[in-house]
Amino acid sequence: MNQLKELLLVIFQNENNLCIFLRLAGYLIFAPIVGGLLAGIDRKISAWMQGRVGPPILQPFYDVFKLFKKEYIVVNPFQNLYIILFFISVCLSGSLFFVGANFLLIVFVLTLAGVFFTLAGFSINSPYSHIGAERELIQMMAYDPMLIILAVGLYLVAGSFDVNEILAYGLSDNGYKLLLLLPAIFIGYIFILTIKFRKSPFDISVSHHAHQEIVRGLTTEFSGKYLAVIEITHWYENVLLLGIVYLFLSFNPVLAIVICVSLWLIEIFIDNVYARFKWQLMFKTTWLVTAITGITNIVILYYILPKK
């Protein structure tokens, strides 16, 4: 275990341009592979829970390849531009995370990606797309405060917004304190993951399964390669979100991977057993959880951490 932690420190603390390039390339190449496999596992387990055989685990990749070959219809000349900007912003936020950049900047870029995705929905004159875009904005207002509180909590404990520094703290002998001092924030972040992963009961704007009451929501009017780009973008984003979970548990890399996989399986279970919330209930619930977990944890940290 100590050898693995030392290896991670060497990889992420090395400021050599080649090392940074390898981390960046690793994320850009392997994140969609991991994300696609997670989506395939999601479909397989969901089918098993519903008494079906389900598609093969590699089906998401088959679907994406098929979408790239299909003809796409442009309803508005700006819709596809916004999707490309959405893709670039998510890739940029993930790249910044894995090269160890400022965590607060990563949160802002991820929020910007959500704005581009919403604008793509509003740019199309479709009631389904507009409703989905409005709900996407509501989701952003619901989960963004928790992401900001998460960044502040990590800064208060690790003493830096830089992911490299936070990871170095997590891999140190005091690394367990990230989870010990931020348990409520960690719980709050796990709660909003259900929104970010677009799982029931919070899949109100876009659903990855065929049970959306507004057809496909925000993505109703997208087709062909641009719909494939949206799917791949979500794969990149999911890997980034799980990477943040890993950051909390980096003091034990094996445990961190096990927890990340377990959380994904739990999200699949939640997705299949809960009915969808109305947006009002989702908003109230998320802000209540943010207030109880995030703000309370920050206030407690203020009193227990030594003053500089």
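Helix H10 (residues 224-248) and helix H11 (residues 253-273) pack with their axes 9 Å apart and at an angle of about 135°, where axes are lines fitted to C-alpha atoms, for helices over the stretch in contact, and angles run from 0 to 180 degrees between N-to-C directions. H10 and H11 are therefore oblique to each other, given that angles under 35 degrees count as roughly parallel, over 145 as roughly antiparallel, 65 to 115 as roughly perpendicular and the rest as oblique. H10 passes H11 in a right-handed crossing; a crossing is right-handed if the near helix is turned clockwise from the far one by less than a right angle, and left-handed if anticlockwise. On the H10 side the contact is made by Asn238, Leu242, Val245 and Tyr246, and on the H11 side by Pro253, Ala256, Ile257, Ile259, Cys260, Leu263 and Trp264, contact meaning heavy atoms within 4.5 Å. By class, these residues divide into ten nonpolar, one polar and no charged, with Ala, Val, Leu, Ile, Met, Phe, Trp, Tyr, Cys and Pro counted as nonpolar, Asp, Glu, Lys and Arg as charged, and the others, Gly among them, as polar.

This is a predicted model, in which local features need pLDDT of at least 70 and side-chain atom pairs count only at pLDDT 80 or more, while totals for chains, interfaces and linings use all residues. Residues are numbered from 1 along each chain as its sequence is written, and side-chain values use heavy atoms, with hydrogens and water left out. Helices (H or I, at least four residues) and strands (E, at least two) are DSSP runs, numbered from the N terminus.

H10 itself has 25 residues and reaches 38 Å from its first C-alpha to its last, close to the 36 Å expected at 1.5 Å a residue, the expected span being 1.5 Å times one less than the number of residues. H10 is mostly covered, with 22 of its 25 residues buried, where buried means under 20% relative accessible area, exposed over 50% and partly exposed in between (1.4 Å probe, protein chains only).

H10 also meets helix H5 (residues 103-122), the two axes coming within 13 Å and crossing at roughly 155°. That makes H5 roughly antiparallel to H10, and H5 passes H10 in a left-handed crossing. Phe103, Leu110 and Phe117 in H5 meet Ile230, His234, Glu237, Leu240, Leu241 and Ile244 in H10, and this contact has seven nonpolar, one polar and one charged residues.

Two residues show how parts of the chain come together. Ala113, placed in H5, counts as buried because its relative accessibility is 0%; leaving aside neighbours within four places in sequence, Ala113 is in contact with Phe86, Ser89 and Val90. Phe97, in helix H4 (residues 79-98), counts as buried at 4% relative accessibility.

The loop between helix H9 (183-196) and H10 holds Pro201, which a cis peptide bond joins to Ser200, with omega about 10°. Arg198 lies in the loop between H9 and H10, where its phi is near 60°, a positive value in a residue other than glycine, and Arg198 is buried, with a relative accessible area of 9%.
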